[in-house]
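Please keep the structure open while reading the points below.

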Amino acid sequence: MTDAVKPPKKPRGKARLLENKCIACGARCQSACPVDAIQMNDAGEPIIDASRCIGCVKCVKVCPVQALEMSFTPEELRILQELAAVSGGEPVEEDAEEAALKKKLAAYSGVWVFVEQTEGEAAKVSWELLGKGKELAQARKCPLCAVVMGDGVEKLCDQAFGYGAEKVYLMDAPVLRHYRTEAYQKSLCALVEKYKPEVILMGATGLGRDLAGVVATVMATGLTADCTGLSIDDKGNLMQTRPAFGGNIMATIVCDKFRPQMSTVRPHVMPMPDFDPQAKGEIVREPVPVAEEQVLVKVLDILMDGGGSKVDIAGAEFIVSGGRGMMAKENFSMLEELAQVLGGVVGASRSAVDAGWMPPDRQVGQTGKTVRPKVYIACGISGAIQHLVGMQDSDVVIAINRDAEAPIFEVASYGLVGDLFKIIPALTNKLRALKAARSKA
């Protein structure tokens, strides 16, 4: 009598990183590994020690973009084929945890844009987000909705339809006339709990940052601030790109286990969509779940910033910016002359602002303003990523720098390598002569 032959043990394999797939999501795979077989390199990508890997697949499951896979030796592949033949190729039973997660996420649908308004006037960033929201909604094959809150703000619904919204959730009551965190948070959370959107976008303004943070906390979900890029991955998750580690890298963040997925985006980062005055949609009127006596904060007066004295570089069509290469504060006068000829304004890099050469409200970049002018002239600016994220979406970028290897030339439409103290006055004089000739014609 012979002993029964035991079937071979199913190989577990070793984890392997797929080339150009990692998005540096924040070392999720390293945190999930139970045997410390994963370390992260400077780019935020995993380095896997195959000698320590036990093939538990935890890192593969936790990766939001499927950048990891299990690799097998030829012998292990042969064993897997034999086992599949014995089992008749029956599908593996779905993990109970994964099944529960899919069911939870399936309950959420729709892309929402919160329409920020002050005294009945909408912030332009809200319309910009409707343009991007339409792309996301089309990718998810779901409706694009706007959320309008305030007192006497129903007119904003028609504007939202014109910029692409298919449906508007309207909460209109005196208690929402002025923004107060508690009133708006309770109102928005009530809408989210009732209708369950999968994505919520807000402007990265003072109001938007405050409201997004408290709503994400109450709803126990993720929030990515100051995004510069938004897209949908193969699994239907929102991929949220933003500068990280002081702006030295661009990180893509995915909230794959919680809903809604929330993002804030700075003004002028996304292009303004076309307005269709004939567009119509559905208005869903919802009661406000908070009464005036329940709100502890009272608005006594509203003071607008600046009093009209500051220059709005974010809305300028022509910007001439100076950086460390300008050498001194007094040298910015030549930029003022060039900007005056162009009918534009003068901006600055962070290094120029930190040196006291220009005021903080003129700063362009990650910690300053995001701009989208028709023409952006960068003078003596090297092009650190912190600056590039604030101006790279300009229609035309002209870079003037003596260093031919400066990163600014990588995003420039036109580049001039040379002494800016000779180039800028010559450019100014040439433009003046052209304008004078045109006025005489």
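Is the crossing of H7 and H8 right-handed or left-handed? The crossing of H7 and H8 is right-handed, where right-handed says that the near helix is turned clockwise from the far one by less than a right angle, and left-handed that it is turned anticlockwise.

1. Before going further, please note that this is a predicted model, in which local features need pLDDT of at least 70 and side-chain atom pairs count only at pLDDT 80 or more, while totals for chains, interfaces and linings use all residues. Residues are numbered from 1 along each chain as its sequence is written, and side-chain values use heavy atoms, with hydrogens and water left out.

2. The names need a word as well: helices (H or I, at least four residues) and strands (E, at least two) are DSSP runs, numbered from the N terminus. Helix H7 covers residues 181–195, and helix H8 covers residues 206–218. They pack at an angle of about 50 degrees with their axes 10 Å apart, the axes being lines fitted to C-alpha atoms, for helices over the stretch in contact, and the angles running from 0 to 180 degrees between N-to-C directions. H7 and H8 are therefore oblique to each other, given that angles under 35 degrees count as roughly parallel, over 145 as roughly antiparallel, 65 to 115 as roughly perpendicular and the rest as oblique. Where they meet, H7 brings Thr181, Tyr184, Gln185, Leu188 and Cys189, and H8 brings Asp210, Leu211, Val214, Val215 and Val218, with contact meaning heavy atoms within 4.5 Å.

3. An open sheet of seven strands has the order S11-S15-S10-S5-S8-S9-S16, and its pairing is parallel; two strands pair if DSSP finds at least two bridges between them. Strand S11 (223–227) and S16 stand at the edges with a single partner strand each, so one side of each is left without a neighbour in the sheet. Direction ignored, neighbouring strands of this sheet are turned by 25 degrees against each other on average. S9 and S16 run parallel and are joined by four bridges, and Val168 stands opposite Ile283 in S16.

4. H5 touches strand S5 (111–115), S8, strand S10 (199–203) and strand S15 (261–265), and the direction of H5 makes about 180 degrees with that of S5. H7 touches S5, S8, S9, S10 and S16, and the direction of H7 makes about 150 degrees with that of S8.

5. A second topic is the open sheet of three strands, which has the order S12-S13-S14 and antiparallel pairing. Strand S12 (229–232) and strand S14 (249–254) are at its edges, each with a single partner strand, so one side of each has no neighbour in the sheet. S12 is joined to strand S13 (residues 238–244) by four bridges, and Gln240 in S13 is the bridge partner of Leu230. Helix H5 (residues 124–140) lies across S12 and S13, running at about 15 degrees to S12.

6. Which residues have the most contacts inside the largest nonpolar core? They are Leu130, Val168 and Leu230, in a core of 32 residues; such a core is a set of buried Ala, Val, Leu, Ile, Met, Phe, Trp, Tyr and Cys residues joined through side-chain atoms within 4.5 Å. Here buried means under 20% relative accessible area, exposed over 50%, and partly exposed in between (1.4 Å probe, protein chains only). The elements that give two or more residues to this core are S5, H5, S8, H6, S9 and S10, and H5 gives the most, with six residues.

7. In helix H6 (residues 155–162), the buried residues are Leu156, Cys157, Ala160, Phe161 and Gly162. These buried residues pack against several elements, including H5, strand S8 (144–150) and strand S9 (167–172). H6 is followed by Gly164, whose phi is positive, near 120 degrees.

8. Finally, please look at Phe332, which has its place in helix H9 (residues 332–342) and is buried, with a relative accessible area of 3%. Beyond its neighbours within four places in sequence, Phe332 is in contact with residues that include Met326, Val346, Trp357 and Met358. The C-alpha atoms of Phe332 and Lys103 are separated by 59 Å.
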